[in-house]
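Biologist: Hello! I am new to this structure and would like to learn how to read it. Could you walk me through it, starting with the aromatic rings?

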Amino acid sequence: MISPDTIRTAIGVIGNGTALVLFLSPVPTFIRIWKKGSVEQYSPIPYVATLLNCMMWVLYGLPAVHPHSMLVITINGTGMAIQLTYVTLFLLFSAGVVRRKVVLLLAAEVAFVGAVAALVLSLAHTHERRSMVVGILCVLFGTGMYAAPLSVMKMVIQTKSVEYMPLFLSLASLVNGICWTAYALIRFDLYITIPNGLGVLFAVAQLVLYAIYYKSTQEIIEARKRKADQVAMTEVVVDGGGKTNNHAGAGRC
């Protein structure tokens, strides 16, 4: 008979896979940003929030804080590297207020996590206390990571367009939340259960919005293309008319 620990480990491995998909799901977005040379209307908040979340979970999984949490460290350490790449690209292709905002948030996050690690390791002398302090913070920031797209959801409702709310990110969030909620419930871990359970709810809300506004998004994109084609045709006609007039003038000379 398979033990609960074996099942939990298996789900944790699957959770590592789904979380990796979640971390890599914005790749198409950043390929678009790279090609266009601009972040357009994409928000940096989801990526900055995910970076903070990964740093806190790495701290939580350290043997000095919460022993036997290697699966938590592996995926969140990988997530840190991936999110740093996204934030770096965001810095490269943004400017002005947006770039300054990202730099300030990044500096604040590093300083905060460093301060928490120093205080917890020096003032809390048992694994239980360290796990509780860092775990509570992980709940808050884990919830923040999943809730970060709410700012994008607001824009979706206002514009009736899901163009800037990537579907892959929403789907990956849903699958990841389900896996890690199951992982936490087998050997009950409140600090992992709360943010991932809420993550499932937030992801479902995003998918509902996607279903509601998908059709209107396609209509908006088509209307934009038609307008661009009309502008291009107008420019061709104007240029053609100018050339005709020039030839006529030359004939009169």
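Modeller: Gladly! Keep in mind that this is a predicted model. Searching the whole structure turns up 11 aromatic pairs. One of them joins Trp 57 and Tyr 60, edge-to-face, at 5.1 Å centre to centre and with 80° between the planes.

Biologist: Why are Trp 57 and Tyr 60 separated by about one helical turn?

Modeller: Because they are three residues apart in helix α3, which covers residues 45-61.

Biologist: Is Trp 57 buried or exposed?

Modeller: A residue is called buried when its relative accessible area is under 20%. Trp 57 has 7%, so it is buried. Tyr 60 is buried too, with a relative accessibility of 1%.

Biologist: Which residues do ring pairs link into a cluster?

Modeller: Phe 30, Tyr 47, Tyr 86 and Phe 90. A ring can also have a charge over it: the charged end of Arg 8 sits over the ring of Tyr 183, 4.0 Å from the centre.

Biologist: How do I read the length of α5?

Modeller: Compare its span with the expected one. α5 has 28 residues and reaches 41 Å from first C-alpha to last, close to the expected 40 Å. Among its buried residues are Val 102, Glu 109 and Val 113.

Biologist: And what about the inside of the protein?

Modeller: In soluble globular proteins, nonpolar side chains tend to be buried together. In this model, the largest nonpolar core has 39 residues, and those with the most contacts inside it are Phe 30, Met 56, Leu 59, Phe 90 and Val 134. Several helices give two or more residues to this core, including α1 (4-24), α2 (27-36) and α4 (70-92). The largest share, 10 residues, comes from α3.

Biologist: Which residues is Met 56 in contact with, leaving aside its neighbours within four places in sequence?

Modeller: They include Phe 112, Val 113, Val 134 and Phe 141.

How values were computed: Residues are numbered from 1 along each chain as its sequence is written. This is a predicted model: local features need pLDDT of at least 70, side-chain atom pairs count only at pLDDT 80 or more; totals for chains, interfaces and linings use all residues. Side-chain values use heavy atoms; hydrogens and water are left out. Rings of Phe, Tyr and Trp (its six-membered ring) pair if their centres lie within 6.5 Å; planes under 30 degrees apart count as stacked, over 60 as edge-to-face and the rest as tilted. Helices (H or I, at least four residues) and strands (E, at least two) are DSSP runs, numbered from the N terminus. Buried means under 20% relative accessible area, exposed over 50%, partly exposed in between (1.4 Å probe, protein chains only). A charge sits over a ring if NZ of Lys or CZ of Arg is within 6 Å of the ring centre and within 35 degrees of the ring normal. The expected span of a helix is 1.5 Å times one less than its number of residues. A nonpolar core is a set of buried Ala, Val, Leu, Ile, Met, Phe, Trp, Tyr and Cys residues joined through side-chain atoms within 4.5 Å. Contact means heavy atoms within 4.5 Å.
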